[in-house]
Amino acid sequence: MNLEGRKRMLIGPWAAMGGPRKSTIRLAVWSSMKSSLPAVDLTGNWQPGPEASGCSWLEGSCFIRTDQLDGETDWKLKVAVSCTQQLPALGDLFSISAYVYAQKPQMDIHSFEGTFTREDSDPPIHESLSIENTLWASTIVASGTVIGVVIYTGKETRSVMNTSNPKNKVGLLDLELNRLTKALFLALVALSIVMVTLQGFVGPWYRNLFRFLLLFSYIIPISLRVNLDMGKAVYGWMMMKDENIPGTVVRTSTIPEELGRLVYLLTDKTGTLTQNEMIFKRLHLGTVSYGADTMDEIQSHVRDSYSQMQSQAGGNNTGSTPLRKAQSSAPKVRKSVSSRIHEAVKAIVLCHNVTPVYESRAGVTEETEFAEADQDFSDENRTYQASSPDEVALVQWTESVGLTLVSRDLTSMQLKTPSGQVLSFCILQLFPFTSESKRMGVIVRDESTAEITFYMKGADVAMSPIVQYNDWLEEECGNMAREGLRTLVVAKKALTEEQYQDFEPMQSSSVESTHSTYTCAHRRLPLCPQSRYTQAKLSMHDRSLKVAAVVESLEREMELLCLTGVEDQLQADVRPTLEMLRNAGIKIWMLTGDKLETATCIAKSSHLVSRTQDIHIFRQVTSRGEAHLELNAFRRKHDCALVISGDSLEVCLKYYEHEFVELACQCPAVVCCRCSPTQKARIVTLLQQHTGRRTCAIGDGGNDVSMIQAADCGIGIEGKEGKQASLAADFSITQFRHIGRLLMVHGRNSYKRSAALGQFVMHRGLIISTMQAVFSSVFYFASVPLYQGFLMVGYATIYTMFPVFSLVLDQDVKPEMAMLYPELYKDLTKGRSLSFKTFLIWVLISIYQGGILMYGALVLFESEFVHVVAISFTALILTELLMVALTVRTWHWLMVVAEFLSLGCYVSSLAFLNEYFGIGRVSFGAFLDVAFITTVTFLWKVSAITVVSCLPLYVLKYLRRKLSPPSYCKLAS
C-alpha cells in the first residue's frame, strides 16, 4: 500500500442511475491510500467527471472556481454537511450509516435539492442539501481539500448535459456559390442538348452529346474552389497582421466572409463586455450622499465613532462592559450622521458571503499548512474571496474606511476597528442570495454585548416592501441606475433572544452563555425537529418557497440604513463599439449566467440599452397561462428592450416558441440572464431557424463554447477565464473593441472580394464556353474543340490566374471610411454583391464578349482563317486583363505587376508554343506564323475586337457611377 500522506477520496459502490437516489454510504471516506479514482489531484484541481456533495474537514468549507461552467471568475464558498464535521476522528466515517436523497439529473447549474440522513443516531439526523453543498464537474477546488459523495457521473453531470456537439460551419457565400454552380451545370446540360438537337440527332447522337458536355465543361468553374480557398487564406493573414487589432488569431479558413454578413451578435457579459472588476462608487444615507471624492469624510466618521465608543467603554472601568449599553439605554433621538455612517458601514461589513484568505508563509510543511500559527495575517497578505465580485468590492471599501474583516468561518466573524481592536460576532443564520428572493441576509450575535441583529441587503424591488416607509429610496435607486451603478439596499432589525428562539429554537446544549465563544463553536449542532425553518429546509418540494415563507416572519419593518452603488468596470471602448455595431444594423443580444439585476445594470451602463429606451423585465413565469399573459403584456410595448431570465425563457420556448422569437427579434436589444450554456446555444439556433439571418457569438469562458460553436461565426476572447472559448472559436481576439474593425473592415473586404472573385472565375469559364458554342455553330454544330488542351489549361492558370487572384487585394472603401460610417455595413447584409441578379449580369457580359470575340475573329480574318485560334485567343486574354482592370476599385501595386506579368507570359508563349495555335492542328497541320503576329494588320484588328468587347462595358460603368452611384462613392466624393 503506497502511503502519500495526502488526504484522498475513495469512491465505493453506488446506486443505479436515474431518478431520486437513496444509497447507503459505504466508501466515501478520508484515506491516506493512493486511490485509483481520486477526486482531488496534487494541484488541488477537482477532476472533471463526478459531481459530488462536497465537504472538507477542518473548517467545513472550501472555495471553488466555476469559470468553465458559468463564466464567473470569482471563488464560490462551499460548505460541508454539518453533522459529519462533529465526528471525533476521521475514521469514524467508516462506522456511520447514512444516505443521500437527491433530485434527478437536470441541466440547471444554479440549483440543487437533496437531504442527508444519518440513521444510526437517536433520533435520526436530517440535514438539507442545497447548491452550497455541491461541487459540479468541470469546477476547480481553489482553496482547501475536499471529500465528497459522488451523486452524478458521466452523461448526468451538469457540464456534460450543458455541452453540445460542434457542427461543420459553411459560409453563406459558399452556399450561394453552390446554388449558382448548380445553375451553371443545368445550363451546360441544356446547351449540349440544344447543340445535339440542332444537329438533328444524326448518327450516334449520344456520343456527340457527351463530346459537347466535355467541350462546354468550362462552364463549371472547377478552379473556383481553389481560388476562393487561397483568397480566404489571404484574408486570414491580413486579419492577423493588422496592427490595429493585435493578437487576433484566425482559426478557420472557411468562413471569413461571414464577418461581413452578420445581423445578430450574441455576447457574453462577464469578461466580454466587463472586466469583472468592481469599484465602490456611492454611499447614500437618505439625507446625504458620499462619492469617490468624499470617502475620507466617511473614514473620519468611522474613526471618531469607534474612538468615542472605546472611551465610553474605558469610562465604565470594566473590560467586559458591553460597548453599546450607553447607546441602548439612552432615549431614542434622531441619529447623528456619524452614528448613521457607523451603522451603515458595520452592516456592510457583516452582511455578506466574503471570506478573507491569507497566503501561507514560505517553508511551511504539509503537516502544518492549516495551522493558524503558520499563517501571515497582515493586511498586505490578505485577499477576499466570494461568489460575487460586488460583495468583495463592498468589503474592500469598508477596509479602506477603517473597518476591516480579518477572519471568518462558518460560525463566526472578526472585525478590526481603526484603533486595532478586534470585534467578534457569532453567525447564527445565513440566508443566501437566490434569484427568486433577490436578497441575502445574516443573523449575527455581538459577543461583547449579546445583541442579536438581523442584517439584510438586496435589490431595491425586493427590499422596498420590507423596509420602513421612506421617500428617497426609489428616486435614488433610479439615479444610480442611470449612472450605470449596481445598487444594493442595506437594512437591519434588532432581535431579542425570544424573537430569535421563536424563529429557530435550538437544543439546550447549544444555548449556553451568550457572552462566550462556546455558542459559536456549537451552533451548528442539529436543530430541534419542531423548528419551522429546519422543516422548510428539509422539504424536497417547493423548498425555496417554504423557506422564504418562514424567513418572511423576520422581514418586517426593517430599518433602512443605506443605499450602495458599485460600478462594474467595462472593457475598453465597449460603449463606442456597441454604438458602432448598432449603427451598422446589427442587433445585439446579451446572454449571461449572471443575476437579472446585474445584467440590467450592465446593459444600461454599456449603452446596450440607450437612455431613452424603456426596459421590459419579463416576470418569472412557470406555466403556460402565465407565459401567455406576459407575452400579451410584452406585445403591447413598442421599441423597448427585453430582459428575461433563463427559467422564464424555457417556459416561453416550450409553449410559445414562434411567438416569443418573433417578438424578441423586434426588440432593439435583448438581455437573457441566468442562462445555462445549452440555453445560449439554443437561442442561437432559434435565431438561425426563425430569421434565416447570420449570427455571431462572442464570449471568453468555457460556458460560452456551446454558443460559439452553434453560431454561424464564433469569436473568442482571451481573458481571465482561460483560452477555452478562444480555442473553440473561429476567430480569437484580445479585446471586445477589436470586433468593430474585424467586422466593419475585414468582414466587408472579405465578403466583397470573395463575391467579385467568385463571379469573375465564373465569367472566365462562361466566356470561353460561349466562344466554343459560336465556333461549333459556324461549323454546322460540329463537336470540334476550338483550343487545344494546353491553351485551355494555360487560360485558367498562368495567363489569367494572377490578375484574377489579385482581386483579393481590392477594396471599395478605405478602412478609415468603413469605421467612420458603419451604416455602410447594412448594405452587405442584403447580399447584393452576389445574387442571381449580379450573376445574370455577368452571364450576359460573358455571352456578349464571347460572341464579339468569336464573330469578330471570323469576320475580320476571313482571308487568314488558319490564324483564327491565335487571333481569338489573343483578344480573349486581352479582354480578361481589361475586365480585371474594369472590376478593380482601388489599385494595388501587386495588381499592376500581375497584369503585366500575365501579359508577358502570354506574349512569350506565342513565340515558343506556336504549334498549339493552329486550328485543327491534327486535321490541317496548321501552325502559327510568328511573322504574321508582328504585322500592323494583326495588331489593329485584335485591338479592334478587344475594344468592341470592352468599351461598352466601360461606358456603362461610367454612366452607372454618375447616375446611380453606390453609397460609398457618395461618401468618398
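I started with helix α22, residues 677-691, in this predicted model. I find that α22 lies across β14, β26 (587-591), β29 (669-673) and β30. Against β14, the helix runs at about 165 degrees.

Next I looked up the sheet. I read 9 strands in an open sheet with mixed pairing, in the order β13-β32-β31-β30-β14-β26-β29-β28-β27. I note β13 (249-250) and β27 (614-617) as the edge strands, each pairing on one side only.

Strand β14 covers residues 262-267 and strand β30 covers residues 694-699. I have them pairing in the parallel sense over 5 bridges. In this pair I see L262 opposite R694 of β30.

Then the cysteines. How many disulfides does a search of the whole structure find? I got 0. C675 is in no disulfide, and I find its nearest cysteine sulfur, that of C672, 4.8 Å away. The cut-off is 2.5 Å, so that distance does not qualify as a disulfide. C675 counts as buried, at 3% relative accessibility. I also checked C652, which is buried with a relative accessible area of 0%.

Last entry, H284. I place H284 in strand β15, residues 274-284. Is H284 buried or exposed? I have H284 as buried, because its relative accessible area is 6% and the limit for buried is under 20%. I find a polar contact between the side chains of H284 and E476, at 3.4 Å. Leaving aside residues up to four places away in sequence, I list S289, W472, E476, M480, C562 and L563 as touched by H284.

Conventions. Residues numbered from 1 in each chain as written. Predicted model: local features only at pLDDT ≥ 70, side-chain atom pairs only at ≥ 80, totals over all residues. Heavy atoms only, no water. Buried < 20%, exposed > 50% of the residue type's maximum accessible area, 1.4 Å probe, protein only. Helix = DSSP H or I, 4+ residues; strand = E, 2+ residues; numbered from the N terminus. Polar contact = N/O pair within 3.5 Å; in protein donor to acceptor, adjacent residues only side chain to side chain. Contact = heavy atoms within 4.5 Å. Pairing = 2+ DSSP bridges. Axes fitted to C-alpha atoms, helices over the stretch in contact; angles between N-to-C directions.
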